[in-house]
Amino acid sequence: MLKKKNIAMPGNGAAILADAIRQVAEPSRRAFLQRTLTLGGLSLLTGCSISDDSSVEQALGKVSQFNDKAQALIFDPNRLAPTYPDSMITRPFPFNAYYGVDEVRQVDGDAWRLELSGLIANRAPWSLAQLRHLPHSEQVTRHICVEGWSAIGKWGGVPFSYFLRRIGADLSAKYVGFKCADDYYTSIDMPTALHPQTLMALTYDGKTLPPEYGYPMKLRMPTKLGYKNPKHIQAIYVTNKYPGGYWEDQGYNWFGGS
Ligand SMILES: Nc1nc2c(c(=O)[nH]1)N[C@H]1C(S)=C(S)[C@@H](COP(=O)(O)O)O[C@H]1N2
Ligand SMILES: [Mo]
């Protein structure tokens, strides 16, 4: 789709161009570009010429930021995602991560402590036993992955809005960020963090959350795409500084609503 052209560029233009071509060549970005708009559409929307490839990267970024704002505006904090009867649970529920199932992180739940930082009044770490004493709710919802599959699963755990209030998080802050026991990380908007169906999941299908689905704890949000749902959470922070995410920093849309 993209052809390298000989363009005379001043200064380190050649290096910038080479960088842009490399980035557009990444499969995730290319897929995102194909899903978003045609190149012609991009140039119309942004008004920039696509005759030099570096502007494609800029255009991509603009479209994604535009999508973030539009999705944040459309998001209704009171609208519930569909729930399903237990009989519709997908068995076996699929595993997915940026690595294979043989490399699933084995977290020691007894030694594990949930770390808290940023705009939070009570930043003491939490053990698994302490989290298990908090209010618990269960839901059967659909998980949608951008890689082209969806599945219905049953997660149980602590309503995240309860937890954020309990730790004295600044609920007027923009972002909640997550760091995981693998190298994964992501972040969400505060309205979604406070959504009634957003759970700190400790169980799957009525049993302790298994390693492949994110033991000891994952954030489950039926209002967001799969990659926004971090597994093996190690640390949570509240911030006004844009934190990005593992796939988001490679071109996936940040809001990631489903
Ligand atoms: N820590 C961590 N969380 C993660 C991922 C990951 O690689 N590491 N992958 C994400 C993606 S892309 C998907 S689709 C879901 C898969 O969750 P599942 O294994 O419960 O189906 O986890 C998300 N959360
Ligand atoms: Mo995914």
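In the predicted model described here, a polar backbone atom of N96 is 3.0 Å from an oxygen atom of ligand 1. The ligand is surrounded by 20 residues, the closest being P94, Y98, D182, N229 and K231, where a residue is near a molecule or strand if one of its heavy atoms lies within 4 Å of it. By type, this shell consists of 12 nonpolar, four polar and four charged residues. In this division Ala, Val, Leu, Ile, Met, Phe, Trp, Tyr, Cys and Pro count as nonpolar, Asp, Glu, Lys and Arg as charged, and the others, Gly among them, as polar.

Residues are numbered from 1 along each chain as its sequence is written, while chains are lettered from A and ligands numbered from 1 in the order in which they are written. As the model is predicted, local features need pLDDT of at least 70 and side-chain atom pairs count only at pLDDT 80 or more, whereas totals for chains, interfaces and linings use all residues; side-chain values use heavy atoms, with hydrogens and water left out.

The chain contains seven helices and nine strands, taken as DSSP runs numbered from the N terminus (helices H or I, at least four residues; strands E, at least two). Of its 258 residues, 48% are buried; buried means under 20% relative accessible area, exposed over 50%, and partly exposed in between, with a 1.4 Å probe and protein chains only. The chain exposes about 13000 Å², of which carbon and sulfur atoms supply 54%. Among contacts with a separation of 6 or more, 69% are between residues 24 or more positions apart, a contact being heavy atoms within 4.5 Å. The average pLDDT of the chain is 87, and 79% of the residues score at least 70; pLDDT is the predictor's confidence in each residue, from 0 to 100. Over residues 1-13 the pLDDT stays under 50, and the model has 17 contacts beyond four places in sequence for this segment.

The loop between β8 (218-220) and β9 (233-239) holds K224. K224 is buried, with a relative accessible area of 2%. Its side chain makes a polar contact with the side chain of T192 at 3.5 Å. A polar contact is a pair of N or O atoms within 3.5 Å; within protein, one must be able to donate a hydrogen and the other to accept it, and residues adjacent in sequence count only if both atoms are side-chain atoms. A polar atom of the K224 side chain also lies 2.8 Å from the backbone oxygen of F255. Beyond four places in sequence, the residues in contact with K224 include I188, D189, N229 and S258.

P230 is located in the loop between β8 and β9 and is buried at 0% relative accessibility. Its C-alpha is 8.8 Å from that of M217, 13 residues away in sequence. Residues up to four places away aside, P230 touches F178, C180, T186, K218, L219 and M221. H232 is placed in the loop between β8 and β9; H232 is not a glycine, yet has a positive phi of about 50°, and is buried at 2% relative accessibility.

Q234 is found in strand β9 and is partly exposed, at 24% relative accessibility. Q234 and K179 are 55 residues apart in sequence, with their C-alpha atoms 5.6 Å apart. Q234 is also in contact with W112, R113, L114, E115, C180 and A181.

Further backbone features lie in other loops. D205, in the loop between β6 (199-204) and β7, has a positive phi of about 55° although not a glycine. D205 is partly exposed, at 22% relative accessibility. The peptide bond joining R91 and P92 is cis, with omega about -5°; P92 is in the loop between α4 (54-74) and β1 (115-118). A cis peptide bond also runs from Y215 to P216, with omega near 5°, and P216 lies in the loop between β7 (207-208) and β8.

Terms used
Areas by Shrake-Rupley, 256 points an atom, 1.4 Å probe, with all protein chains shown as cover.
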